Every structure is written in structure tokens, then in C-alpha cells.
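Please take a moment with the sequence and the structure shown below before reading on.

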Amino acid sequence: MQRALRSNCPVAATLDLIGDRWTMLVLRDMLLRGKTSFNEFAANESIATNILAARLSDLVSAGIIERIQDPDDGRKVIYRPLRPAVDLLPVISEVAAWGVKHTAVEDDPETKVLADPDSRNALLAARSKELEAQLSR
């Protein structure tokens, strides 16, 4: 479902779709961490389940991700990135790198990878390859 644009500015239009804090964290978890299930998305950020359900629904409606039956357990659903989500991988990576550089995030292995341009590029290449393979299935 396409929403009407508030303005003809591409930044505003993009933020209308993905500018919400929780939406970006869902996309981060899906694109960088490979999470696919509702419970995986809900696990670490203390997001209310109704908010998570709404954000996932919005992303599906916008054609950014898809909701499908889990091939391993038909009683469950999983969420997979579509092309528009995969195209956001470098954006989310750069936002994370900016956060490492300009905020007081704790130093951990994940932030070290994102802080170093060579490591970040290697991570992006590997994740892009994985995500491209998912798209072709």
C-alpha cells in the first residue's frame, strides 16, 4: 500500500517510511543480525509487542519486507527482507558507524566492526551476498 507523500522531498519520504526508531531497529536486526521472527525482534530492545506488530505490518504494507510461513514450521511466520530493505543495508551500516563515532555507545565487538571502514565493508559484502541469495529463492 503506497502512502501519500507529505512533501516531494526524498529525505522526508524516506523518513515517513523508515524514520521511526523501532522501524530502524527492526531493519537493523533483520539486515545486520539475520533475525526473522517476531520473538527475535522483541527479545533485546524491550519493544512493546503491539508496537512491534504495527512496525512489522507497516514494513510489509510498504513492500519493504515480506511475511511468509516458516518453511521449517508451517505454524509460524517469518519476516524476510525484500529488495527495498536490502538496499538499506549500507544506509543502516553508515548510521551505525556514525553512532559509534559520535555517541557514547559501549565498545564491543559489533561496534568495533562497524567503526572500522575495512571491517564494515567486509561485513556489508558478506551480508549483501547472503541477502541477495535470499532474494533469489
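This is a predicted model: local features need pLDDT of at least 70, side-chain atom pairs count only at pLDDT 80 or more; totals for chains, interfaces and linings use all residues.

Helices, as the word is used here, are DSSP runs of H or I with at least four residues, and they are numbered from the N terminus.

In soluble globular proteins, nonpolar side chains tend to be buried together. Here the largest nonpolar core has 23 residues, and those with the most contacts inside it are Leu-27, Leu-31, Phe-41, Leu-56, Ile-64 and Ile-65. Two or more residues are given to this core by each of helix H2 (21-33), helix H4 (49-61), helix H5 (83-86), helix H6 (89-102) and helix H8 (117-135). Which element gives the largest share of the core? That share, seven residues, comes from H2. As for Ile-64, when residues up to four places away in sequence are not counted, this residue touches Leu-17, Ile-18, Leu-27, Leu-59, Pro-81, Leu-82, Pro-84 and Ala-85.

Two of the helices named above, H2 and H4, pack at an angle of about 70 degrees, with their axes 10 Å apart. Because angles of 65 to 115 degrees count as roughly perpendicular, H2 is roughly perpendicular to H4. On the H2 side the contact is made by Trp-22, Thr-23, Val-26 and Leu-27, and on the H4 side by Ile-51, Leu-52, Arg-55, Leu-56 and Leu-59. Sorted by class, the residues of this contact of H2 with H4 are seven nonpolar, one polar and one charged.

How are H6 and H8 arranged towards one another? Their axes come within 10 Å and cross at roughly 150 degrees, and since angles over 145 degrees count as roughly antiparallel, H6 is roughly antiparallel to H8. The crossing of H6 and H8 is right-handed. Leu-89, Pro-90, Ser-93, Glu-94 and Ala-97 of H6 meet Arg-120, Leu-124, Arg-127, Ser-128 and Leu-131 of H8, and by class this contact of H6 with H8 has five nonpolar, two polar and three charged residues.

Leaving aside residues up to four places away in sequence, Asp-29 touches Gly-34, Lys-35 and Phe-41, and Phe-41 is one of the residues with the most contacts inside the core.

Glu-40 is found in helix H3, where it is partly exposed, with a relative accessible area of 33%. The C-alpha atoms of Glu-40 and Val-26 are separated by 9.7 Å, and these two residues are 14 residues apart along the chain. Ala-12, whose place is in helix H1, residues 10-18, is likewise partly exposed, with a relative accessible area of 22%. Between the C-alpha atoms of Ala-12 and Ser-37, which are 25 residues apart along the chain, the separation is 29 Å.

Key: Residues are numbered from 1 along each chain as its sequence is written. Side-chain values use heavy atoms; hydrogens and water are left out. A nonpolar core is a set of buried Ala, Val, Leu, Ile, Met, Phe, Trp, Tyr and Cys residues joined through side-chain atoms within 4.5 Å. Buried means under 20% relative accessible area, exposed over 50%, partly exposed in between (1.4 Å probe, protein chains only). Contact means heavy atoms within 4.5 Å. Axes are lines fitted to C-alpha atoms, for helices over the stretch in contact, and angles run from 0 to 180 degrees between N-to-C directions. Angles under 35 degrees count as roughly parallel, over 145 as roughly antiparallel, 65 to 115 as roughly perpendicular and the rest as oblique. A crossing is left-handed if the near helix is turned anticlockwise from the far one by less than a right angle, and right-handed if clockwise. Ala, Val, Leu, Ile, Met, Phe, Trp, Tyr, Cys and Pro count as nonpolar, Asp, Glu, Lys and Arg as charged, and the others, Gly among them, as polar.
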